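Notebook open, viewer open. I'm jotting down what I look up as I go.

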Amino acid sequence: MEDTLEGTREEASGSEAPAQVTQPWTFSKSSLIRKLRQHLISTRSRPTMAAPSSGGLEVLLSTLQNAGDIENMLNILNVLDELLSAGTDRRIHHMISKGGSEALLTALVNTACSFTPNYTILLPLLHLLAKVGYRDRQIGLKAQKADAVLVVLGLLRQNTENARRAAACLWVLRVFCSSVTTADLLGKNRGLDVVFKLISSHTTKHLRTVKAAVDAFAAMLCSKINCRTAVMKGYIADLLKLYEDWHNNDVNLKNIPIRRALLHCLQRASNSAVGRDALVAEGGIGLLFQTTQTCLTMKGLESLVEPAIQLMRKCNPKVPLPLTSDKSAFSFPLPGRPVDDWDADLGLYDGSLEDDSDEDAENEEPDNRDYEDDLETDVNKLRPRPEPDRPLEQLGQYVCLCPELHHDFQDLDSSSEIDESSDDDSTQEGDLNDQRSSELPSDRDENHLQTSDFHKHYLNCSRKGQVGHSSMVDRLLEKYGICIPNHDPRLYATTAANTKSIAGYSILAFPDFWGHLPPQEQEPMAKRPPHVQRKKVFEDIQRLICPEDIINKVVFDMDDTSSQCSPDMCPSSLRFFSKFESGNLRKAIQVRSHEYDLILNADVNSSAHCQWFYFEVSGMVAGVPYRFNIINCEKGNSQYNYGMQPVLYSVREALEGKPHWVRTGSKICYYRNHFCPRRGQKHSFYTLTFTVTFRHEDDVCYLAYHYPYTYTTLQTHLKMLEKSVDPRKVFFRQQNLCDTLAGNSCSLVTITACPTSRAWKHLHQLRNRPCVVLTARVHPGESNASWVLKGTLEFLCSSDPVAESLREAYIFKIVPMLNPDGVINGNNRCSLTAEDLNRQWLKPDPNLSPTIYHTKGFLYYLNSIGRTPLVFCDYHGHSRKKNVFLYGCSMKETLWQSGSPINTVSLKEDPGYRTIAKTLDRIAPAFSFNSCNYLVEKSRASTARVVVWREIGVLRSYTMESTYNGCNQGIYKGLQTGTRELEEMGMKFSQSLLTLRRNAIHYNSRLIHNASALLDLDDRLLDHKSNNCFEDDEPACMEEIEYSSCSDPFGANELDTDVSANVSSEEEDEEDADICRNGQRRTDRKSHLVPHYLKQDTLEPLTIKGGQCNGIDISNSYLY
Ligand SMILES: [Zn+2]
């Protein structure tokens, strides 16, 4: 807003006013005009003196409408033109605000309707109207009101043989079409036919007029009715022929603007379904494909390639996913709900792809605006309000979840103890077996023990196996045994037997079973090859124009095992599999010999939320690039467009001592495709495409969105940890918080230090340690959260001195997986209720969201016994941002950022909510303070972070978001995160908690020493700013992810230049030169500010809103 002020001032008092007085008059010396002009200038330079009614501009405009005198009119037009050409658009807007458009329209109608229209006046009038009208959003309606629309159409009819006059009329008609109703009016009066006649086949004559005609025709197609008319009259076919003709004959590339304008016409037509159908029916896609291929071979044709591709994508007919139903292959009966109820959950498709959308240039800063509107401004909702949502009596059930408070530590000397309440499955040892071991020749020589033998069928966790056989697993471990810390394949297999999945999985994915070690080297982000998406889109388009090249063979179908390809039936196809924990491949279709479309299963009981993937692939040929397309992704953008790669695990490599998930894949991109759900063509999906070249022949590999971490992995890990700690020092309890809907246990882990003795003061110290509550994995697709939590757990159980101090300082209460059912069944977002559990915190249903209900209940319990947690943190993964960062809650920052009029100075707020982030910024390399924010959004009112902050009264209540990709700052800059870095983050988070205790602790000097040494902190406040949490932190993608909108490529400058050329040029040669020059120039329309630029502005504390500055209205005081 401040720059508005400056710009205006400069214009008002700056260069042109005095300078122009000395310039010679081109036209008349009429005293009237001179007076007007001087009046205008003096008025403008002395704004405060000018009474609005006597403004010079008004006088000029009024004279223009009423003067019959040709000379006067010409002079006024000349003055106006001079004034408007010299300055910026702002002047034109000023003129518009003073009724300039209406005056020009009236003058036009009056002149045109006189007995003999005078073109000496009409031509400059039309030119001026085109310039002004282009900037006046209301011009279409104003033109209708002034009855000017048909007048100009009439002028055009009379002047089809006069190129200059026709061009001027065409520009004006084009700007009139900014209103759809005006376009309709023109269409009703056969405007399409009149204009179309002026679009000729390739020629060297009157190029400016031809282009003006194409532009006007495109403008008229903003109306659906006109689109239909154009289709009916065969104009789409004609436009395609014209495009081909100009393409073929434009040998010297002089006609790029006309070719582009023709594409623009087609794009406009394709905003309607009839237009798209006609374009396809007329062979438009094939034509565009061929011409574009030619364009690619020549330099300087980029401005044609991009719109052509967008047009092809847009017209590529929507194809429903090749599934019998959009619904998840899994359904689960919910307590208290009819079985097929979820069937109707279809509000998901928001119709974001408008079928017949009119283009709009208005929405300048939607993200920013939406975001600010979302901020909570109701102080009452921003105030902590700790009161339970349930009767206090019900909280008694949680007493047993604080065993450390009631334990008497009688057995401090004994080596171990068993907690009755813990979920003990460890009696199943040795139950692991090999159902199909008979199929495995036992006398194979060792070298023949191939990777393929370890295919999932031999890794079975069924309890009901045969007894007394030599287990495949035993042999595997004997031969290839490796040591992965805190992992044991046998324990994994026995633990898996207790994991309850909807499909009744009995097969283990090898990586989960065998274990993963982070690779030695760090993995840099992938470089995006130039135009990778374009190449992929071409391949997609070729499916339509060369259907005979497409195999379209289903090689895997979760719903129909009979279509599963066996190695004998399809020796040349890859084989897929995903019937294991967290696996979720629904269907695989071989499209070309080395290309597969993959469809993900929707979340249980729903028809949506696809993004996470995890599946097995085998039967590959080494060294051959395979293209994989996951065709039903749903998010609007992805870090896959910014250097992220999927992860791959090779069984062969694992057996060779490299049990690593590694980042893999090349030619990766993510873009909107032409597939749609079976119900609802308005919605469409996104493709994640990547190419993998496998290193080994006949390997068994696993591909995933991110490092998998299953429920069984967690349960195994907790058992290992429990075994690993010294029970005399570390108090470690795993308890069952509650059962999930599917009957899995949701674990609550308690970690703290055992007291040094049973002396009262030691027990007292223990019982007065503040609580830290950590939760994770409410969103099943966010496996990174589990890896971070693994790091936290391992660190807290370790013998590191800082960990010891932490245990002595706090009682940790950890719910490592809030959504076990979702994780087990391969969901991406939801629980079995098809609801996002992190939107249930306000009023969790005990039957439908038990894990949330009881976690919240437990927090209330802590609150009720005066032990409100010092810190609450819910670990998440973020798919659209880099680094790791925190979201917290601050009343003041929220009010301040939302522009609320409430005076925040008088509000009291403990600034301690920032301490952890400040510490992490120093000690955690992946952490980015600048990505953190503490704003409370209305849309997040029912998330853990906001509810725990407000209802439980936890000042430090956070969501910790970890990237799926990597970092763009610090020592990990440019690297993708591995599990090592994620675990490190979990460790650093724990360490940062020590700083909270540094000043409060007086009983343990060692602890203070540890904290200071570790963190090397002083009390200097870091001057960081809180950031806005825009969904998307990345710059616009290099290539258009979407295709639904096509922007008008022709800017005001281009129009102005064409108009000026029409005024001056007499010969066609010059005209050609202009057009050619224009073709080289980039369109110079004011670019929309993209959100990430805006963001900086919104951070400024003193943003002046609505033109108000200290109560003074600054928007009107200059110029006028
Ligand atoms: Zn999440």
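**Confidence first**

I started with the stretch at residues 1067-1120, where pLDDT stays under 50 and the model has 80 contacts beyond four places in sequence. This is a predicted model, and where pLDDT is low, the coordinates should not be read in detail. I'm leaving the details of both stretches alone.

**Whole chain**

I looked up the secondary structure and got 43 helices and 24 strands. The chain has 1120 residues, and 58% of them count as buried. For contact range, I took pairs at least 6 apart in sequence: 80% of those contacts join residues at least 24 apart.

**Positive phi, two cases**

I went looking at backbone angles and stopped at D147, which isn't a glycine but has a positive phi of about 60°. D147 sits in the loop between α9 (139-145) and α10 (149-158). Buried or exposed, I wondered about D147? D147 is exposed, because its relative accessibility is 57%, over the 50% cut-off.

S582 was my second case: again not a glycine, again a positive phi, this one near 70°. I found S582 in the loop between β4 (575-577) and β5 (585-592). S582 counts as buried because its relative accessibility is 2%, and the cut-off for buried is under 20%.

**Helix α16**

I checked the length of α16, residues 235-249. Its 15 residues reach 21 Å from first C-alpha to last, close to the 21 Å expected at 1.5 Å a residue. Which residues of α16 are buried? My list reads Y235, I236, A237, L239, L240, L242, Y243, W246 and H247. A reminder to myself on reading such a list: an α-helix has 3.6 residues a turn, so residues three or four places apart point the same way.

**α29 against α31**

Last, I looked at a helix pair. The axes of α29 (residues 711-724) and α31 (residues 783-796) come within 10 Å and cross at roughly 10°. I put α29 down as roughly parallel to α31 because of that angle, the cut-off being under 35 degrees. Which residues make the contact? From α29 I have H717, L718 and L721, and from α31 K790, L793 and E794. By type, the contact residues divide into 3 nonpolar, 1 polar and 2 charged.

Technical notes:
Residues numbered from 1 in each chain as written. Predicted model: local features only at pLDDT ≥ 70, side-chain atom pairs only at ≥ 80, totals over all residues. Heavy atoms only, no water. Helix = DSSP H or I, 4+ residues; strand = E, 2+ residues; numbered from the N terminus. Buried < 20%, exposed > 50% of the residue type's maximum accessible area, 1.4 Å probe, protein only. Expected span 1.5 Å × (residues − 1). Axes fitted to C-alpha atoms, helices over the stretch in contact; angles between N-to-C directions. Parallel < 35°, antiparallel > 145°, perpendicular 65-115°, else oblique. Contact = heavy atoms within 4.5 Å. Nonpolar A, V, L, I, M, F, W, Y, C, P; charged D, E, K, R; others polar. pLDDT = per-residue confidence, 0-100.
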